[in-house]
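Please keep the sequence and the structure in view while reading.

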2 protein chains.
Amino acid sequence: MHSCLNLGWVDHPVSTARLARLYGLPAAYLNKQLQALVRAGILTSVPGPHGGFRLARNLEHVSLLDVVVAVEGPDSAFRCTQIIRHGPGGRPDVDYRSACAVSQSMRRAELAWRRELAARTLADVAADVTRQNPDAPGHIRAALAR
Amino acid sequence: MHSCLNLGWVDHPVSTARLARLYGLPAAYLNKQLQALVRAGILTSVPGPHGGFRLARNLEHVSLLDVVVAVEGPDSAFRCTQIIRHGPGGRPDVDYRSACAVSQSMRRAELAWRRELAARTLADVAADVTRQNPDAPGHIRAALAR
DNA sequence: GATTGAATACTCGGATAGAGTTTGTCCGAGTCTACAGGG
DNA sequence: CCCTGTAGACTCGGACAAACTCTATCCGAGTATTCAATC
């Protein structure tokens with residue numbers, strides 16, 4: 001998310017090494033995550049010299065949920081193992097991921113989490129950043145200038 | 001959670017082995033989780049023959065969040081590593097777990113999740129179970145009878 | 001027959017290994033750039 | 001002086017190990033029961 005925000009301040013491709021150096025991160029590892037963002041259509045990659053990553057679309061059109069799903073995967077955090085299928089009164093033909101009352105409650109909670117993340121875009125977060133720390137964009141632009 | 005619900009149908013201590021046999025679970029592993037629920041004050045343990053676990057308080061007074069916190073631990077699922085502390089414009093004296101805009105948004109989403117879990121008690125879930133499957137309590141009582 | 005004592009079986013409780021997922025690393029394929037040689 | 005070809009360096013991309021968390025297991029401490037011996 002921070003890398004996406006940083007890319008929002010500039011308008012030219014930035015290499016993984018440059019982005020990683022901002023926070024002292026392992027470049028190869030960050031690259032792995034950025035690739036996931038490319039597969040999700042959030043970033044685009046440019047090979048060769050002067051290449052790197054840039055935003056595929058405006059920050060307004062990228063929700064926090066988009067980023068989370070891209071990095072963490074599409075599976076929900078709570079996974080129902082259908083445990084009561086093997087219990088007394090359990091039927092093999094019922095899908096307890098939707099029928100089990102416990103699973104329903106857990107999914108409802110996770111849905112609230114996702115709803116909150118979906119309602120917030122990276123542009124909203126960027127606005128908060130500039131409000132709280134107006135010279136942050138300048139710092140980032142300077143660090144990412146060619 | 002299922003074990004707590006099951007204990008809600010009976011009023012005598014039930015051993016780990018009995019509870020585990022309901023779903024074909026490893027008894028020693030379930031015991032570990034039940035111990036966590038005891039430490040959290042949700043269950044009480046009774047040693048010796050005819051011992052086991054029983055509810056420490058009524059299901060109405062146990063929220064899903066209580067169970068989750070007892071088993072998963074008190075730490076939030078999202079942990080801010082204060083990454084921007086090492087970036088340009090980062091200050092060592094600021095706690096970015098509360099100051100960072102990204103962290104704020106993630107925490108807000110997790111708060112929505114916790115709020116949902118806190119608003120729902122095990123008694124609510126038990127009511128759903130009896131509504132959807134009225135003979136489930138009978139099945140469990142029969143399986144857990146001395 | 002009632003009581004007391006010890007032995008026994010059953011329970012929880014925390015310390016100890018094994019699998020799975022996340023984190024971190026490496027090298028190869030592709031591409032733009034820059035330079036040198038020739039026209 | 002301009003053009004073209006080639007070598008080089010830089011980038012992403014996916015395949016490969018290490019660390020950590022979660023899952024699963026084992027054995028010891030404690031307690032109610034039960035049985036037998038005694039009063």
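Predicted model: local features only at pLDDT ≥ 70, side-chain atom pairs only at ≥ 80, totals over all residues.

On the side of chain A, the contact is made by Val125(A), Asp128(A), Val129(A) and Gln132(A) of helix 7. On the side of chain B, helix 6 contributes Ala101(B), Val102(B), Gln104(B) and Ser105(B). Sorted by class, the residues of this contact are four nonpolar, three polar and one charged.

## How the two chains are related

Chain B is superposed on chain A by a rotation of 180° with 0.0 Å of shift along the axis, and the RMSD is 0.0 Å. That is the relation of a two-fold axis. Among the residues of chain B, Trp113(B) comes closest to the rotation axis, with its C-alpha at 2.5 Å.

Which surfaces do the copies use to meet? Of the interface residues of chain B, 100% are also interface residues in chain A, so the copies meet through the same surface.

## Domains of chain A

Chain A is divided into two parts: domain 1 takes in 1–62 + 125–146, and domain 2 takes in 63–120. The centres of domain 1 and domain 2 of chain A, taken over C-alpha atoms, are separated by 31 Å. In the contact of these domains, 11 residues come from domain 1 of chain A and eight residues from domain 2 of chain A.

## Helices 2 and 3 of chain A

Two packed helices are described by the angle between their axes and the distance between the axes. For helix 2 (residues 16–23) and helix 3 (residues 27–39) of chain A, the angle is about 115° and the axes are 9 Å apart. Helix 2 of chain A and helix 3 of chain A are therefore roughly perpendicular to each other. The crossing of this pair is right-handed.

Helix 2 of chain A makes the contact with Thr16(A), Ala17(A), Leu19(A) and Ala20(A), while helix 3 of chain A uses Ala27(A), Leu30(A), Asn31(A) and Leu34(A). By class, six of the contact residues are nonpolar, two are polar and none is charged.

## Helices 3 and 4 of chain B

In chain B, helix 3 (residues 27–39) and helix 4 (residues 64–72) cross at roughly 120°, and their axes come within 8 Å. This crossing is right-handed.

Which residues make the contact of helix 3 of chain B and helix 4 of chain B? Helix 3 of chain B supplies Gln33(B), Ala36(B) and Leu37(B), and helix 4 of chain B supplies Val67(B), Ala70(B) and Val71(B). Five of these residues are nonpolar, one is polar and none is charged.

Methods. Residues numbered from 1 in each chain as written. Chains lettered and ligands numbered in written order. Heavy atoms only, no water. Least-squares fit on C-alpha atoms with pLDDT ≥ 70 in both. Contact = heavy atoms within 4.5 Å. Helix = DSSP H or I, 4+ residues; strand = E, 2+ residues; numbered from the N terminus. Nonpolar A, V, L, I, M, F, W, Y, C, P; charged D, E, K, R; others polar. Domains from an automatic or database assignment. Axes fitted to C-alpha atoms, helices over the stretch in contact; angles between N-to-C directions. Left-handed = near helix turned anticlockwise from the far one by under 90°. Parallel < 35°, antiparallel > 145°, perpendicular 65-115°, else oblique.
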